Amino acid sequence: MNVASLDISSIRNQFPILHQQVNGHPLIYLDNAATTQKPLSVIEALDNYYKFHNANIHRGAHALADRSTGFYEDTRKAVQSFINAKEAAECIFTKGVTESINLVAQTYGKAFLKPGDEVLISYMEHHSNIVPWQMVCEETGAKLKVIPIHANGELDMNAFHQLLSAQTKIVACVWASNALGTINPVKEIIEAAHQYKAVVLLDGAQAGSHLPINVQTLDVDFLTLSSHKLYGPTGVGVLYGKRELLDKMPPYQGGGEMIKDVSFEKTTYNDIPFKFEAGTPNIGDVIAFKDALDFVNDLGKEAIMQWETQLLQHFVMGLKELGSNRIKLFGTAPHKVAVQSFLIEGKHPFDTGLLLDAKGIAVRTGHHCTQPLMKFFGIEGTVRASFAIYNTIEEIDSLLATLQKMINR
Ligand code: PMP
């Protein structure tokens with residue numbers, strides 16, 4: 001599908017939550033980088049699962065268990081095709097990006113990092129791609145190094161290339177920044193890291209719903225996704241890893257499902273993906289996640305990206321017209337997903353957020369779980385508007401008009 005054939009109003013009709021009043025105004029939901037809303041197909045899949053299919057998976061010898069297992073594994077196959085993994089077994093279900101990154105840090109990191117090794121992250125990482133690495137560096141004696149950024153929110157790629165060395169063992173980098181929108185040159189990062197035999201983990205939280213993903217052409221070692229940022233349910237994430245890496249990693253958690261054989265003397269572990277899926281997983285939400293992937297596939301990432309880019313450009317142009325002396329933009333890189341951070345001169349971001357909420361407009365305010373990045377800009381936080389496929393130009397005009405009134409006050 002291309003952008004011209006998108007019917008935004010019929011897309012909006014698939015999202016019941018959008019059709020409500022908040023504080024006496026029609027809801028304008030512009031907090032999509034935090035979580036997207038869910039289409040009816042996802043909501044109904046969840047409802048149907050508990051009405052007709054609910055059973056524990058992989059171990060039951062009855063019809064409901066078989067059916068639930070089939071649906072659960074169908075989602076794994078859908079994820080495989082969504083990211084073009086070689087095998088479905090390379091796609092592990094987790095709670096979300098945070099758990100996926102912790103899993104890699106606590107298994108691969110703990111097993112293979114030694115004192116003197118280096119883990120490279122960037123200045124624009126979400127806390128969930130900082131803290132797990134700090135923890136494992138502390139435990140193993142490895143060193144955390146940080147790729148600097150330019151003032152427009154782009155990575156300093158010269159500095160990145162200089163930071164790489166034979167000591168670099170892991171590069172963990174965000175694909176698209178949740179605070180700035182910057183799309184990082186991940187292919188270049190992966191190729192350069194591989195020359196030093198470092199493995200690369202991409203935080204795909206913000207890339208999932210916007211950018212085409214092909215883990216094989218990228219040759220990425222680990223990729224993380226969160227369903228809830230991809231029109232799917234909360235509590236579900238994906239860790240993609242190359243088989244040769246996943247096979248040699250120790251398990252993350254012990255328990256049911258992740259074992260082949262248990263005795264008090266010795267336990268042998270199951271094959272991937274089950275080795276990393278201890279206990280009863282979030283079955284219903286995983287099953288409904290497939291409908292979210294179908295929703296994105298039916299529209300097509302290209303059309304989604306084109307529409308969201310139009311929304312972003314319209315918003316940025318409008319902000320610029322409000323006056324650069326009154327509005328400061330954060331994140332002006334040429335390649336961006338539809339996220340724009342800004343501040344109104346002399347106004348605390350939280351106050352701007354409250355005033356917008358009073359008009360039914362939902363934006364994010366604060367540090368966006370990127371405190372080191374905020375420190376780089378010398379600020380505590382920003383106001384962030386982030387767009388999804390169901391947003392409209394009219395909604396952005398309402399936001400701009402409300403901001404204009406605030407400035408004039
Ligand atoms: N990384 C980025 C870039 C994010 O935007 C987020 C969510 N805000 C996360 C990681 C964490 O994702 P989750 O909360 O779904 O685990």
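Me: What share of the chain's accessible surface belongs to carbon and sulfur atoms?
Reply: Keep in mind that this is a predicted model. The accessible surface of the chain comes to about 17,200 Å². Of that area, the part belonging to carbon and sulfur atoms is 52%.

Me: And what percentage of the residues in the chain is buried?
Reply: Buried here means under 20% relative accessible area. Out of the 409 residues in the chain, the buried ones make up 56%.

Me: What radius of gyration does the chain have, next to that of a compact globule?
Reply: A compact globule with 409 residues would come out near 22 Å, and the chain agrees with that. As for the box its C-alpha atoms fill, that's roughly 75 × 55 × 35 Å along the principal axes. The radius of gyration of the chain is 22 Å.

Me: How many helices and strands does the chain have?
Reply: Let's count both kinds. The chain has 14 helices, and its strands number 17.

Me: How far apart are the end C-alpha atoms of helix 11?
Reply: Helix 11 covers residues 301-321, so that's 21 residues at 1.5 Å a residue. The span should therefore be 30 Å, and the model agrees with this. The end C-alpha atoms are apart by 30 Å.

Me: Which residue with a positive phi follows helix 11?
Reply: Helix 11 itself has a number of buried residues, including Trp 307, Phe 315 and Leu 319. After the helix comes a residue with phi near 110°. That residue is Gly 323.

Me: How far apart are the mean positions of the positive and negative charges?
Reply: The chain has 36 positive and 43 negative charges.

How values were computed:
Residues numbered from 1 in each chain as written. Predicted model: local features only at pLDDT ≥ 70, side-chain atom pairs only at ≥ 80, totals over all residues. Heavy atoms only, no water. Helix = DSSP H or I, 4+ residues; strand = E, 2+ residues; numbered from the N terminus. Rg over C-alpha atoms; globule rule 2.2 N^0.38 Å. Buried < 20%, exposed > 50% of the residue type's maximum accessible area, 1.4 Å probe, protein only. Areas by Shrake-Rupley, 256 points an atom, 1.4 Å probe, with all protein chains shown as cover. Lys, Arg positive; Asp, Glu negative; His and termini not counted. Charge placed at Lys NZ, Arg CZ, Asp CG, Glu CD. Expected span 1.5 Å × (residues − 1).
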